[in-house]
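Thanks for coming, everyone. Have the structure open on your screens, and we'll walk through it together.

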Amino acid sequence: PAEGIMQAFHENMDKKIKEAYPDAQTNLDLSYEISAHGIQKSTERIKGIKNIIAVASGKGGVGKSTTAVNLALALKEEGANAAILDADIYGPSIPRMLGVSGQPDSEDGKTLMPKIGHGLQSMSIGLLVEEDTPMIWRGPMVTQALEQLLTDTQWKDVDYLIIDLPPGTGDVQLTLCQKIPVSGAVIVTTPQDISLIDARKGLKMFEKVKVPVLGIIENMSGHICSNCGHEDHIFGKGGAQKMASDYSLDVLGSLPIDSQLRKSMDIGEPMIFEDENSKISQAYFELARSITGKISNFNKDLSRKFPKIVVEDS
């Protein structure tokens with residue numbers, strides 16, 4: 001999905017063709033089709049979802065949920081049918097960030113309809129309990145809740161489901177990697193060493209369970225003073241690039257600290273809609289294209305296109 005650059009790409013392509021064949025009558029038509037791609041061998045694809053992308057951090061407080069929400073919204077704006085699952089059972093924040101509330105509807109009394117926020121399908125435990133109610137659950141209850149939120153939601157024709165993982169490498173993360181068909185994972189970190197230590201643990205976890213890591217997003221990479229324009233690297237500089245080099249990965253993007261972004265998420269009016277031409281909004285669009293571009297290079301899952309062959313004794 002690349003709506004944001006489609007017109008410019010079309011014009012450039014058309015120009016190149018006409019330069020190469022000035023006397024030919026040409027008509028250029030560009031389109032894209034989003035396919036389902038490979039998943040872990042031990043998992044089964046979930047109805048209504050083509051691809052699942054896990055957004056992880058290893059450490060809390062690095063802006064992972066903000067990144068996950070804006071990435072999902074950028075995917076939608078780029079032309080994909082996107083959705084987001086809040087997998088942080090203990091500290092759900094997606095409902096607030098998307099400006100959605102209230103109990104999800106159920107058409108059959110067994111499954112849930114996703115809540116729609118800014119055109120994005122979403123589901124979170126935060127929609128089922130009061131915002132100030134603590135979830136005092138042990139690990140098995142949490143993992144069961146995550147599986148139910150994912151499989152008992154009536155997702156509709158989702159091209160990319162973003163799963164906002166809680167920090168750490170515990171039960172929820174292992175359940176996701178072992179039982180849920182993940183196409184790829186993204187690691188969010190800040191440049192400082194303390195954050196990178198835990199980000200490396202998250203990366204190692206995905207490697208052990210054979211989930212491909214698409215790259216690293218460096219959040220809070222710097223702060224630009226609104227008065228003088230000076231850029232200050234509060235959390236250090238170059239940490240994500242060093243980690244990416246160590247593990248032969250790409251830095252998918254660097255996102256600065258932005259007070260308007262913080263305010264927009266607090267009130268459930270994501271900045272990506274308020275000012276899509278801003279530097280940070282454009283960074284999220286670039287992230288969306290980069291991540292889905294990497295997934296498009298993976299092997300396609302053609303299992304649904306083949307008939308099931310059953311041998312019976314007659």
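In which strand does Met 220 lie? Met 220 is part of strand β7. Keep in mind that this is a predicted model.

Why start there? Look at the backbone. Most residues other than glycine have a negative phi. Met 220 is not a glycine, yet its phi is positive, about 55 degrees. Met 220 has a relative accessible area of 19%, so it counts as buried.

Now take Lys 210. Lys 210 is not a glycine either, and its phi is positive, about 65 degrees. Find Lys 210 in the loop between α6, residues 193-208, and β7, residues 213-224. Is Lys 210 buried or exposed? Lys 210 is exposed, because its relative accessibility is 69%.

Next, Ser 254. Ser 254 sits in strand β9, residues 251-257. Leaving aside residues up to four places away in sequence, Ser 254 touches Glu 218 and Ser 221. Ser 254 has a relative accessible area of 40%, which makes it partly exposed. Between Ser 254 and Lys 47 there are 34 Å in space, C-alpha to C-alpha, and the two are 207 residues apart in sequence.

On to charges. Side chains of opposite charge can pair when their charged atoms come close. How many salt bridges does a search of the whole structure find? The search finds 12. Here are some of the pairs.

Start with Lys 18 and Asp 14. They form a salt bridge, with the closest N and O atoms 3.1 Å apart. Both are in helix α1, residues 3-20, and they are four residues apart, so about one helical turn separates them. Lys 18 is partly exposed, at 45% relative accessibility. Asp 14 is buried, at 17%.

Then Glu 78 and Arg 289. Their closest N and O atoms are 2.8 Å apart, in a salt bridge. This pair links distant parts of the chain, 211 residues apart: Glu 78 is in the loop between α2 and β2, and Arg 289 is in helix α10. Both residues are buried. There is a network here too: salt bridges link Glu 78, Glu 286 and Arg 289.

One more pair. Asp 246 and Arg 200 meet in a salt bridge at 3.2 Å, N to O. Asp 246 is in helix α7, residues 239-246, and Arg 200 is in helix α6, so the pair ties together parts 46 residues apart in sequence. Asp 246 is partly exposed at 40% relative accessibility. Arg 200 is partly exposed as well, at 23%.

What about a charged residue without a salt bridge? Go to Asp 86, in strand β2, residues 82-86. Asp 86 is buried and has no salt bridge. The nearest side chain of opposite charge is Lys 64, 6.8 Å away. A salt bridge needs its atoms within 4 Å. What does the side chain of Asp 86 reach at 3.2 Å? The answer is the backbone nitrogen of Ile 94. Not counting residues up to four places away in sequence, Asp 86 touches several others, including Pro 92, Met 123, Leu 149 and Asp 164.

Last stop: two helices. Helix α2, residues 64-77, and helix α10, residues 279-296, have axes that come within 8 Å and cross at roughly 75 degrees. That angle is why α2 counts as roughly perpendicular to α10. Residues that meet there include Leu 71 and Ala 74 from α2, and Phe 285 and Ala 288 from α10.

Terms used: Residues are numbered from 1 along each chain as its sequence is written. This is a predicted model: local features need pLDDT of at least 70, side-chain atom pairs count only at pLDDT 80 or more; totals for chains, interfaces and linings use all residues. Side-chain values use heavy atoms; hydrogens and water are left out. Buried means under 20% relative accessible area, exposed over 50%, partly exposed in between (1.4 Å probe, protein chains only). Lys and Arg count as positive and Asp and Glu as negative; His and the chain ends are not counted. A polar contact is a pair of N or O atoms within 3.5 Å; within protein, one must be able to donate a hydrogen and the other to accept it, and residues adjacent in sequence count only if both atoms are side-chain atoms. Contact means heavy atoms within 4.5 Å. Axes are lines fitted to C-alpha atoms, for helices over the stretch in contact, and angles run from 0 to 180 degrees between N-to-C directions. Angles under 35 degrees count as roughly parallel, over 145 as roughly antiparallel, 65 to 115 as roughly perpendicular and the rest as oblique.
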